[in-house]
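Let's walk through this structure together, starting with the overall picture and then moving in to single side chains. Have the model open beside you as you read.

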Amino acid sequence: MSGSDIAGLIAAGAFVVLVVLLAVPIIKLGKVFDELRSTIKDVSDGTTPLLGEVANTVATTNDQLKKVDTITTNVSDTTANVSALSSLVAATVGKPLIKVAAFTEGVKAAMNTKPSGKARRSR
């Protein structure tokens with residue numbers, strides 16, 4: 001055996017050791033990828049029913065919001081009707097009532113004046 005043959009054997013041995021040393025991390029990395037694939041499958045299996053439930057919840061919420069919108073519209077209409085009614089009552093009853101009160105106050109003031117010798121005005 002010549003020196004080049006021995007150097008070739010040493011290089012081949014070093015290459016085998018290098019391959020063995022690199023094979024261990026590669027095997028561990030393969031196990032990590034297997035776990036990752038399993039985890040992704042579990043998440044995917046759990047997400048599909050969850051998305052169905054979320055879609056159902058959103059549909060139910062939209063139905064409830066439609067009902068609330070109807071209630072809000074009815075309350076708005078009722079408020080407008082009450083406002084119109086109060087304006088009508090104020091116009092119908094309020095102005096004549098103010099006139100009657102003013103007339104009554106005038107009559108009361110006229111009856112409370114006492115005749116005196118001096119022409120004095122009462123306030």
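This is a predicted model: local features need pLDDT of at least 70, side-chain atom pairs count only at pLDDT 80 or more; totals for chains, interfaces and linings use all residues.

The protein chain holds one helix and zero strands. Its radius of gyration is 50 Å, well over the 14 Å that the globule rule gives for 123 residues, so the chain is more spread out than a compact globule. You can see this in the C-alpha trace too, which spans about 160 × 40 × 15 Å along its principal axes.

What does that mean for the surface? Of the 123 residues in the protein chain, 0% count as buried, where buried means under 20% relative accessible area. As for charge, the chain carries 14 positive and 10 negative side chains. The centres of these two sets lie 40 Å apart.

Now turn to the stretch at residues 6-27. UniProt, in an unreviewed entry, places the feature "transmembrane region" here. In the model this span is 100% helix and 0% strand, and its end C-alpha atoms lie 31 Å apart.

Next come the charged pairs. Side chains of opposite charge can pair when their charged atoms come close. How many salt bridges does the model have? The count comes to two, with a salt bridge taken as a side-chain nitrogen of Lys or Arg within 4 Å of a carboxyl oxygen of Asp or Glu.

One of them joins the side chains of Asp34 and Arg37, at 2.7 Å from N to O. How are these two placed along the helix? Asp34 and Arg37 are three residues apart in helix H1 (residues 3-111), and therefore about one helical turn separates them. Asp34 is partly exposed, with a relative accessible area of 41%, while Arg37 counts as exposed at 56%.

The side chains of Lys41 and Asp45 also meet in a salt bridge, at 3.2 Å from N to O. Both residues lie in helix H1, four residues apart, which is about one turn of the helix. Is Lys41 buried or exposed? Lys41 is exposed, with a relative accessible area of 51%, because exposed is the term for values over 50%.

Definitions and conventions. Residues are numbered from 1 along each chain as its sequence is written. Side-chain values use heavy atoms; hydrogens and water are left out. The radius of gyration is taken over C-alpha atoms; the globule rule is 2.2 Å times the number of residues to the power 0.38. Buried means under 20% relative accessible area, exposed over 50%, partly exposed in between (1.4 Å probe, protein chains only). Lys and Arg count as positive and Asp and Glu as negative; His and the chain ends are not counted. The place of a charge is taken as NZ of Lys, CZ of Arg, CG of Asp or CD of Glu. UniProt positions are given in the numbering used here, feature names are shortened, and annotations may be inferred rather than shown by experiment.
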